[in-house]
Amino acid sequence: MATISKLSNPNPVASLSSSSKPRSSSSLKCFVGFPTRPGFCSKLVSSSSLSSINTHPFRGSLVVRCSLADGNGSSVKRTTLHDLYEKEGQSPWYDNLCRPVTDLLPLIASGVRGVTSNPAIFQKAISSSNAYNDQFRELVQSGKDIESAYWELVVKDIQDACKLFEPIYDQTDGGDGYVSVEVSPRLADDTNGTIEAAKYLHEVVDRPNVYIKIPATAPCIPSIKEVIANGISVNVTLIFSLARYEAVIDAYLDGLEASGLSDLSRVTSVASFFVSRVDTLIDKMLEMIGTPEALDLRGKAAVAQAALAYRLYQKKFSGPRWEALVKKGAKKQRLLWASTSVKNPAYPDTLYVAPLIGPDTVSTMPDQALQAFIDHGTVSRTIDANVSEAEGIYSALEKLGIDWGKVGSQLEDEGVESFKKSFDSLLDTLQEKANTLKFVIS
C-alpha cells in the first residue's frame, strides 16, 4: 500500500462535475434541497414527491430552488439555518459529501455554511455510486495503486466542495465556509505520521478553506500542536470527554504560540465534540444499573457533558494568555457538535441540535438531523441556559458509578476502529473494481 506522502499531486484546478452543465430542457422546474431518503447524499427532488421525504408533515420553511434551462436558480425562502447563524452565531454544517458536489448548492442556499467528511462517509459515497468510476478507471490504467487512487478521488471531492464554499469563506474573512478531510485512520497512534499526512493533504488540496481532520487520540495531541504551528488549519475530531477536550484546546494554544507568525488570523480550528454516541453507551450502562434514578438519566448525559464543554471553552478562551494571542489576530477554536443524529427513535429528532445552540459554535448535521431541524427546529440560545442542571446530571452519573474517563476512552477506541474498518472496506471494494477493470481491459 502506498503511504500518503508518496501520492502525486492531483490537479488543484480540476473542474467540477459535469452535472453543473446547462440542461437541455427549457421547462421551469422547482426543487427542494433535501435527501430522497435518510443517509444518502442530498438530491434535487421534485416538489411533487415531498410526501416521500419524511414521515413528519412539513411545518417549517423549505428552501425551494426554481431553475430554468441554464440551471440558474434563487432561494425563495429563508430557513431556520439562516436564523441559527444570524441570530445565535452558530454555523450549520453538513456532515456528508459525495458526487456530484453540486448537490450541495441547494443546501448552501438553505443556509449550510460548511461540510465535514470522514472515512465512513467516503466509504458509503464511493462504494455505492458510479460517479467515481471514470476517474478511478483512469487512475488504475495510469498505474496508480489502490490507496493512491483513493486519495485522489477524495482530494478531488474536497477541492470541488471547497470551491463551492469559498464565497462564504471570503465573506467571513476566513471565519466560516470550511470543508474537512481526515488523515488516514491508520495513523491514529502515529504522531509523526499524522503530522506528515496533514502537511501533505494541506499541500495537495491547496485550498484556503480546507480543514485537515486529526483525531484527538493521545498520540495525536502533539500532532495537533505541530500542525497548527506550521500554519495549517485543523478540525480535531473524535473528542468524547472534557479532559481530552481541554488537552485539545491546549494543543491549539501551544501551536499558535509556537508558530512564530506575526499574523495568526488565517490559522483556525474547530474541536469536534461528539454527542449522540455518548448517550448510546451511557444509556446501556444505566439500563444495566436498572434503578429508577438511573433510568431517569437516560438521554441526558451527552447534552449535559456538552454544556460543560462549552463552559470550559469560555474559560480557556479568555484571560491574559488568550488576549496576547488575540493581539496577533488569533481566532477562537470553535466547538463543533458532531454525531448529532439521534440513534434512539424514542428521543426527539433534534435532541442533539436544539439544546446545543450558542455563539461561536458549529453544528454539523447529517441528512436526518438537518432535515428535522429545518422542518421543526427552534432557534434560541440554549447551550448555557441550564449549566447548573448539567452539572447535576454529570455528578449524578458519577455517583452511579459512571466513569467519564473510561466512557471517553471506549468511545474513542470504537470511533477509531470504526473509521479503520470503513477505510479498509473501501480499499477492498476499490481493489475488486480494479480487478474487474483489468479483466475487462485484458
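The model is predicted, so local features are reported only at pLDDT of at least 70 and side-chain atom pairs only at pLDDT 80 or more, whereas totals for chains, interfaces and linings use all residues. Residues are numbered from 1 along each chain as its sequence is written, and side-chain values use heavy atoms, with hydrogens and water left out. The secondary structure comes to 15 helices and 11 strands, where helices (H or I, at least four residues) and strands (E, at least two) are DSSP runs numbered from the N terminus. Of the 442 residues in the chain, 54% are buried; buried means under 20% relative accessible area, exposed over 50%, and partly exposed in between, with a 1.4 Å probe and protein chains only.

**Contacts and core**

- Among the contacts in the chain with a separation of 6 or more, 75% are between residues 24 or more positions apart, a contact being heavy atoms within 4.5 Å.
- The largest nonpolar core has 133 residues, such a core being a set of buried Ala, Val, Leu, Ile, Met, Phe, Trp, Tyr and Cys residues joined through side-chain atoms within 4.5 Å.
- The residues with the most contacts inside this core are Leu104, Tyr150, Ile158 and Tyr245, and α5 gives the most to the core, with 14 residues.
- Leaving aside neighbours within four places in sequence, tyrosine 245 is in contact with Ile239, Ala271, Phe273, Ala309, Leu312, Tyr313 and Leu335.
- Valine 179 lies in strand β6 and, at 0% relative accessibility, counts as buried.
- Not counting residues up to four places away in sequence, valine 179 touches Val115, Ile158, Ala161, Cys162, Phe165, Asn209, Val210 and Tyr211; the C-alpha atoms of valine 179 and tyrosine 211, which are 32 residues apart along the chain, are separated by 5.9 Å.

**Salt bridges and a charge over a ring**

- The structure holds 23 salt bridges, a salt bridge being a side-chain nitrogen of Lys or Arg within 4 Å of a carboxyl oxygen of Asp or Glu.
- One of them joins aspartate 176 to arginine 113, with the closest N and O atoms 2.9 Å apart; the pair links distant parts of the chain, 63 residues apart, with aspartate 176 in the loop between α5 (146-171) and β6 (179-182) and arginine 113 in the loop between α2 (105-109) and β5 (115-116).
- Both aspartate 176 and arginine 113 are buried, and the charged end of arginine 113 also sits over the ring of tyrosine 85, 3.5 Å from its centre (the criterion being NZ of Lys or CZ of Arg within 6 Å of the ring centre and within 35 degrees of the ring normal).
- Arginine 321 forms a salt bridge with glutamate 257, the closest N and O atoms being 2.8 Å apart; because arginine 321 lies in helix α12 (residues 320-326) and glutamate 257 in helix α8 (residues 242-258), the pair ties together parts that are 64 residues apart in sequence.
- Arginine 321 is partly exposed at 34% relative accessibility, and glutamate 257 is partly exposed with a relative accessible area of 41%.
- Arg78, Asp83 and Glu86 are linked in a network of salt bridges.

**Aromatic pairs**

- The structure holds 14 aromatic pairs, counted when rings of Phe, Tyr and Trp (its six-membered ring) have centres within 6.5 Å, with planes under 30 degrees apart called stacked, over 60 edge-to-face and the rest tilted.
- Tyrosine 313 and phenylalanine 317 form a tilted pair, 5.4 Å centre to centre with 50° between the planes; tyrosine 313 is buried at 2% relative accessibility, and phenylalanine 317 is buried with a relative accessible area of 4%.
- Tyr252, Tyr310, Tyr313, Phe317 and Trp322 form one aromatic cluster.

**Backbone features**

- The peptide bond from arginine 99 to proline 100 is cis, with omega near -5°, and proline 100 lies in the loop between β4 (90-95) and α2.
- Leucine 238, a residue other than glycine, has a positive phi near 60°; leucine 238 lies in strand β8 (residues 234-239) and is buried, with a relative accessible area of 2%.
- Serine 339 likewise has a positive phi, of about 55°, although it is not a glycine; serine 339 is in the loop between β10 (334-338) and β11 (361-365) and counts as buried at 11% relative accessibility.
- Just after α9, glycine 290 takes a positive phi of about 80°.
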